[in-house]
Amino acid sequence: MKFTWFNLMPWPYLPDDFRQKHHSVWVDIPSTLYDPERGHDVYNTYLDQLEYAEALGFDGIGVNEHHANAYGLMPSPNIMAATLSRRTKRAALVVLGNSIALYNPPLRVAEEFAMLDVLSAGRLVAGFPVGTSMDTNYCYGTVPALTREKYAEAHELIMRAWAADEPFAFNGRYTKLRYVNCWPKPIQKPHPPIFIPGGGSIETYDFCIENDYTYSYLSFTGYLRAKKLMDGYWERVDKAGVDDSPYRAGFAQTICVGETDAEAEKLYAEHVSYFYNRCLHVYPGFADAPGYRTIKTLQAQVLSQLTRQSLENLGSLSWKDLTEGGHVIAGSPATVRDRMKELIKGLRVGNIFCLIHIGNMPDAKTRHSTKLFAEQVMPHLRNEWPEHASDDRFWIHPVQKQAAAKGRVPAEAV
Amino acid sequence: MEAKLIDVAEGRARVRTYVGGNGQTMLYLHGAGGLMQDDPLLKALMSKYRVYAPLLPGYEDSEGADRLRDMLDFALFGFDLMEALGLEKPILVGHSMGGMIAAEMAALAPKQIDRLALIASAGLWLDAYPIPDIFAKLPFELPALLFHDVDFGTKLMTQGVNMDDMEFLNDFMIMNAKRLGTAGKLLFPIPDRGLTDRLYRVRAKTLLIWGDDDKLIPAVYGEAFKRQIKGAELVVIPKAGHLVGHEQPEAVLKALARLG
């Protein structure tokens with residue numbers, strides 16, 4: 001099993017009446033709710049936590065990309081990964097990922113990911129999300145119905161740029177470059193492991209299977225609700241006739257560990273509530289720009305959230321709702337172990353993206369939960385897939401050499 | 001009124017086209033919402049003109065949206081439609097997004113388009129009057145944006161069904177995703193594809209028709225078009241919103257007579 005400690009980097013100071021007073025946590029949230037000086041402490045606390053997770057033995061530390069989003073303060077995850085590359089030595093840097101359709105030219109992603117792979121001596125996991133409609137369409141202006149075509153072209157350009165030994169011409173519909181010449185190149189050959197976040201479309205299943213990319217389901221609704229979607233993925237794997245290594249899949253899960261079940265609720269309930277009831281307050285009109293999803297995917301959507309009534313009656317999810325519904329796996333180390341086993345076997349996943357910092361959780365509690373997970377849960381889950389223990393196709397291949405970060409650059413080198 | 005599927009662009013697209021009425025030939029290009037059932041404007045136009053109203057790919061059962069990506073594709077598609085329908089110098093009428101395409105056609109080929117009517121047309125952007133984002137609206141929010149008489153507009157859009165009805169919502173969201181998927185190629189995220197740089201080329205006799213209570217593309221946009229198209233005339237119709245032709249079809253018909 002590979003465990004990645006993930007931080008979404010939420011803004012922890014949204015007011016109590018945020019949902020009543022504000023339209024959405026994402027896209028048009030007033031930036032007056034953000035305070036850059038507090039932001040300085042928030043960023044550094046979160047980065048310290050990611051480094052702490054490496055020290056406790058997590059396999060990876062993870063960051064991602066969002067725009068104009070109060071629960072995800074990383075417009076550029078690459079900047080975060082760059083700071084982590086200098087202060088960590090072992091963990092994979094899981095950048096999940098860069099919305100490749102948004103970069104102009106997308107060659108920028110090939111270059112920056114190569115930089116990160118070189119800086120970290122081959123520890124990069126490269127994520128290529130299509131991106132949510134909120135980020136890709138509303139915040140970054142990509143035409144919804146052209147998003148997927150643009151994504152596919154960007155992917156082709158990046159992979160060719162990494163593979164090519166000579167400059168080449170790329171005549172795409174969205175990007176035309178006379179000289180594609182990626183300097184630097186990644187350390188990992190033929191390329192860093194690639195993770196694709198998906199939300200259940202067959203096209204994305206097949207894209208991952210064909211390319212040996214890891215399919216990552218990043219949901220906040222937990223493992224019980226994910227079963228149907230992941231079953232759909234494994235059926236597709238089976239149909240394609242490829243091996244069913246659990247490392248072909250990953251899942252994001254919110255996790256809270258206390259000394260006892262009661263302590264978990266006492267310590268974490270308010271922060272879980274902050275996240276699920278405040279941070280996830282997204283105006284449904286931003287969820288899905290017309291043309292972004294395929295019609296087939298649309299037919300499966302939940303329509304009740306599009307009514308006037310649902311906008312006016314904001315329900316709220318309790319600790320009981322969230323833990324029983326599997327949104328959150330919480331409790332004593334023993335409880336969390338049992339439920340994690342259910343998750344791992346139920347979804348058949350070799351990668352877990354652990355969401356342990358949640359909402360406005362303070363640093364001490366985050367570290368407490370992280371430490372309990374690392375020391376009393378993770379060791380018991382390490383060997384859930386013994387028959388696939390030697391499968392290293394989907395994980396990083398760092399080089400031995402890890403240059404130490406020195407205090408200052410030697411004068412003669414400047 | 002007759003509805004037929006025609007091949008366009010040498011079979012690259014199939015387009016549902018409504019044809020009806022007698023009189024001078026008119027090509028009508030619809031807005032982002034498409035045509036309504038018993039479309040009141042279409043009915044009025046067909047009372048005086050021979051009207052051809054094609055539905056762009058992505059609307060109802062028209063096919064071929066994949067190859068339409070940008071403004072030039074759509075403007076040329078307009079000429080492909082004329083070719084497929086056998087139309088020579090029709091009166092070219094466009095509503096909202098259809099107006100944007102019609103204006104672009106008239107700028108692209110000024111000798112082929114000699115009479116032009118732009119109804120509450122998209123295509124320009126004035127920083128002082130930002131056009132609301134129709135791509136981020138929920139169904140129940142639309143009537144207030146599109147109509148002067150919101151109750152009338154709600155009934156027209158839903159044919160009397162409750163907007164929070166799940167079956168209505170399901171059909172609406174799927175159709176809306178297809179329609180606005182196409183429309184987004186011209187209108188998302190800002191409905192401006194550089195038309196203002198090309199309007200000087202328009203030679204057509206041009207009529208601009210606006211509702212005085214248009215909350216989506218307010219009538220100041222009519223004035224902006226008037227400033228940029230030589231000799232254009234602006235008619236502002238009272239008690240009408242963005243769907244001016246649906247709220248005041250007779251007044252629109254009367255205004256169109258000015259084109260001769």
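In this predicted model, helix α14 (residues 363-381) of chain A holds 19 residues, which at 1.5 Å a residue should span 27 Å. The C-alpha atoms at its ends are 25 Å apart, which agrees with that expectation. The helix α14(A) also bends, by about 40° at A:A374.

What are the buried residues of α14(A)? They are A:T366, A:H368, A:S369, A:T370, A:L372, A:F373, A:A374, A:V377 and A:M378. The buried residues of α14(A) pack against several elements of chain A, among them the strands β1 (2-6), β9 (249-257) and β11 (351-355). The helices α2 (36-55), α9 (261-279) and α13 (333-347) of chain A are also packing partners.

Chain A as a whole has 14 helices and 11 strands. For 414 residues, a compact globule would have a radius of gyration near 22 Å, and chain A, with 21 Å, agrees with this. Some further values for chain A follow.

| Property of chain A | Value |
|---|---|
| Box filled by the C-alpha atoms, along the principal axes | roughly 60 × 50 × 45 Å |
| Buried residues | 47% of the 414 residues |
| Contacts with a separation of 6 or more that join residues 24 or more positions apart | 79% |

Chain A also touches chain B: the contact takes 21 residues from chain A and 23 residues from chain B. On the chain A side, the elements giving two or more residues are α10 (295-298) and α11 (308-312). That side has 13 nonpolar, 6 polar and 2 charged residues.

As for confidence, the model scores ipTM 0.93 and pTM 0.94. Chain B averages a pLDDT of 96, and 100% of its residues score at least 70.

Conventions: Residues numbered from 1 in each chain as written. Chains lettered and ligands numbered in written order. Predicted model: local features only at pLDDT ≥ 70, side-chain atom pairs only at ≥ 80, totals over all residues. Contact = placed C-beta atoms within 7 Å. Helix = DSSP H or I, 4+ residues; strand = E, 2+ residues; numbered from the N terminus. Nonpolar A, V, L, I, M, F, W, Y, C, P; charged D, E, K, R; others polar. Expected span 1.5 Å × (residues − 1). Bend = angle between axes of the 7 residues up to and from the residue. Buried ≥ 20, exposed ≤ 12 C-beta atoms within 10 Å, placed from the backbone. pLDDT = per-residue confidence, 0-100. Rg over C-alpha atoms; globule rule 2.2 N^0.38 Å.
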